Amino acid sequence: MVDHDTGVDAADSQPKQSRAGRNLPAAIAVGAVLAGILVAVLLFAPRFWVLILAVATPIATHEITRRLREAGYAVPFIPLALGGQAMLWLSLPFGARGVLGAFGATVVIAMMWRLVDQGLNHAPVNYLRDMSATVLIAVWVPLCMSFAALLVFRDDGPGRVLCLLFPVVFSDIGGYAVGVLFGKHPMAPAISPKKSWEGFAGSLVFGVAAAVFAVTMFLDRPWWVGLPLGLLLVLTGVFGDLIESQVKRDLGIKDMGRLLPGHGGIMDRLDALLPAAVMTWIVLTVLP
């Protein structure tokens, strides 16, 4: 039987799925463990947040490059992995300038790597396609992840990171709960048939409420700062999920990986968080 959301055989999907397509007990258990680890790190060793990101980044990058290679793309993993580490660790001494410099170097090295890898004596094959995918990955994973790292370097860094995590997590919870209970009107049936406008409304309510709570509780900022933050994080989170769903649909797969039971791969858990990290950094940097 074919899964109409991904176009792959349903036998490849995980058993005991809920109406929203998840192995709910496994998803809750894994989510609780990850949340506990992150909160403990932010409370007792905030700089280890960067180490967590540095571990997750190459795993997520490898999941995407492996799937693309299975589809016939020639994406250079090594420069992406090393460049991702450079973006994250150079953010510590140099801030955004270090991230930008490392990103530029990663793209340049990847372009040369792909050219040399195919052989300088051979005519290039799908070079433009492969490099477009490579730059997409460099932006999608390590560059966006670096914005999450930049959040923690201020005196109120742990609070800033929590202002990213709380809205994204509660937006996901609200969208899931409301979508399962009341979802009737598909939001993007051609991309992700299980998403509904009712679920989006739940994400909006839960995500904005969580953002208002987070900015007042963790940063001692005016409550109204949580309104644009929550709205932007919900929008980028929902579209981040849709973007990954579109990529997986293009590749004909259900999940990027299977490392996390009930969730899929690391990238399947980061799809909403990555673009949201960029928006969190912008809002908390620009607004007083």
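Let's start with the second largest pocket. Its lining is Ile 64, Leu 68, Tyr 73, Arg 129, Ala 133, Leu 136, Ile 137, Trp 140, Val 247, Asp 250 and Leu 251. Helices here are DSSP runs of H or I, at least four residues, and strands are runs of E, at least two, numbered from the N terminus.

A word on the source. This is a predicted model, where local features need pLDDT of at least 70 and side-chain atom pairs count only at pLDDT 80 or more, while totals for chains, interfaces and linings use all residues. Numbering runs from 1 along each chain as its sequence is written, and side-chain values use heavy atoms, with hydrogens and water left out.

What is a pocket here? On a 1 Å grid over the protein atoms alone, probe 1.4 Å, a pocket is an open set of points with protein on both sides within 12 Å along at least five of seven lines; lining residues have an atom within 4 Å of a point.

Back to this one. The volume is about 180 Å³, meaning the space filled by probe spheres set on the points, which are joined across faces, edges and corners. Which element gives the most to the lining? That is α5, with 5 residues. By class, the lining has 9 nonpolar residues, no polar and 2 charged. Nonpolar means Ala, Val, Leu, Ile, Met, Phe, Trp, Tyr, Cys and Pro; charged means Asp, Glu, Lys and Arg; the others, Gly among them, are polar. Domain 1 (46-153) and domain 2 (156-287) each supply at least three lining residues. Those bounds come from an automatic or database domain assignment.

Next, the largest nonpolar core. A core joins buried Ala, Val, Leu, Ile, Met, Phe, Trp, Tyr and Cys through side-chain atoms within 4.5 Å. Buried is under 20% relative accessible area, exposed over 50%, partly exposed in between, with a 1.4 Å probe and protein chains only. This core has 60 residues, and Trp 49, Ile 64, Trp 140, Leu 164 and Met 267 touch the most other members. The largest share, 12 residues, comes from α5. Both domain 1 and domain 2 contribute, so the core lies between them.

Last, two loop residues. Asn 126 sits between α4 (96-118) and α5. Its phi is near 55°, positive in a non-glycine residue. Asn 126 is partly exposed, at 39% relative accessible area. Asp 220 is in the loop between α7 (197-218) and α8. Phi of Asp 220 is also near 55°. Is Asp 220 buried or exposed? Exposed, at 71%.
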